[in-house]
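This briefing is meant to be read alongside the sequence and the coordinates.

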Amino acid sequence: MHERTILIAGATGLVGRELLAGLLADPSVTAVHSLGRRAPTLQHAKLTGHVVDFAALPALPRADEVYLALGTTIKDAGSQAAFRAVDFDANLAVAKAALAAGAQRVGLVSAMGADANSRIFYSRVKGELEDALARMPFEVLVIARPSMLLGNRQALGQRVRSGEVWATRVQKVLGWLIPANYQPIEAAAVARALLQAVPSAQGKTVLMSGAMQP
């Protein structure tokens, strides 16, 4: 079995936490290097936490794969510029540093509607990041485009978003009427899809939200 060394950015987030758990449980993964603005609270023999400034990344440890799960909202970030600094600049900086460290496979947590030509700022930034990564010489790029993410934000110290509460209620009553790509999706399902696809995919693969539903 090929032994894999992994870089992950955003492991303290909703999807990132699930990605990290899956990577640590995978017997083919021998080492995981987590990059974040704060150290992960989880301790594990395979895990090394790196507290970094994404605007001035150091050289990263050699790795085979990188998972990009950094993300925020404009409301939480405080401005469009601050949002872009996380969702575009920080993710792209990690990708460049990971490529220099030997990573050839990348998994990205993007969003449904990502489009560099979108009139919606959020979707445009997501699309611009996808395009920037696609231009880089990775062997494999797997992009997950989830709909509204569901998960335990309180456990992460994040505020519960009213839209998620509403979406969950609607899903329970009218879920069968909602097209699969628009149904809210558990963060764990997105992580599982990426963890399955990144090691085996060829070239560029886009995982739509409906296809990631269990």
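**Packing and salt bridges in a predicted model**

Leu133 is in contact with Leu68, Leu92, Ala95, Leu108, Phe138 and Leu141, when residues up to four places away in sequence are left out of the count. The model is a predicted one, and its protein chain comes to seven helices and nine strands. Of the 214 residues in that chain, 48% are buried.

**Nonpolar cores**

- Leu133 also belongs to the largest nonpolar core, a set of 32 residues in which Phe54, Val66, Leu68, Leu70, Leu92, Val94 and Leu133 touch the most other members.
- This core draws at least two residues from each of strand S1 (4–9), strand S4 (65–68), helix H3 (80–100), S5, H4 and strand S6 (140–145), and H3 gives the most, with nine residues.

**Salt bridges**

- The count of salt bridges in the model comes to six.
- Arg4 and Glu65 meet through their side chains in a salt bridge, with an N to O distance of 2.8 Å; this pair links distant parts of the chain, since Arg4 lies in strand S1 and Glu65 in strand S4, 61 residues apart.
- Both partners, Arg4 and Glu65, are buried, and together with Asp26 they are linked in a network of salt bridges.
- Glu130 and Arg145 form another salt bridge, in which the closest N and O atoms are 2.7 Å apart; the pair likewise links distant parts of the chain, with Glu130 in helix H4 and Arg145 in strand S6, 15 residues apart.
- Glu130 and Arg145 are both buried.
- Arg62 and Asp64 form a salt bridge whose closest N and O atoms are 3.2 Å apart.
- Within that pair, Arg62 counts as exposed because its relative accessible area is 51%, above the 50% cut-off, whereas Asp64 counts as buried because its relative accessible area is 18%, under the 20% cut-off.

**Helix H1**

- Helix H1 (residues 14–25) has 12 residues and spans 18 Å from its first C-alpha to its last, which is close to the 16 Å expected at 1.5 Å a residue.
- The buried residues in H1 include Leu14, Val15, Gly16, Leu19, Leu20, Leu23 and Leu24.

**Surface**

- The protein chain exposes about 10500 Å², of which carbon and sulfur atoms supply 54%.
- Ile74, Ile120 and Tyr122 make a nonpolar surface patch of about 250 Å².

Terms used:
Residues numbered from 1 in each chain as written. Predicted model: local features only at pLDDT ≥ 70, side-chain atom pairs only at ≥ 80, totals over all residues. Heavy atoms only, no water. Patch = residues over 30% accessible without salt bridge, like charges linked within 9 Å, V, L, I, M, F, W, Y side chains within 5 Å. Areas by Shrake-Rupley, 256 points an atom, 1.4 Å probe, with all protein chains shown as cover. Salt bridge = Lys/Arg side-chain N within 4 Å of Asp/Glu carboxyl O. Core = buried A, V, L, I, M, F, W, Y, C linked by side-chain atoms within 4.5 Å. Buried < 20%, exposed > 50% of the residue type's maximum accessible area, 1.4 Å probe, protein only. Helix = DSSP H or I, 4+ residues; strand = E, 2+ residues; numbered from the N terminus. Contact = heavy atoms within 4.5 Å. Expected span 1.5 Å × (residues − 1).
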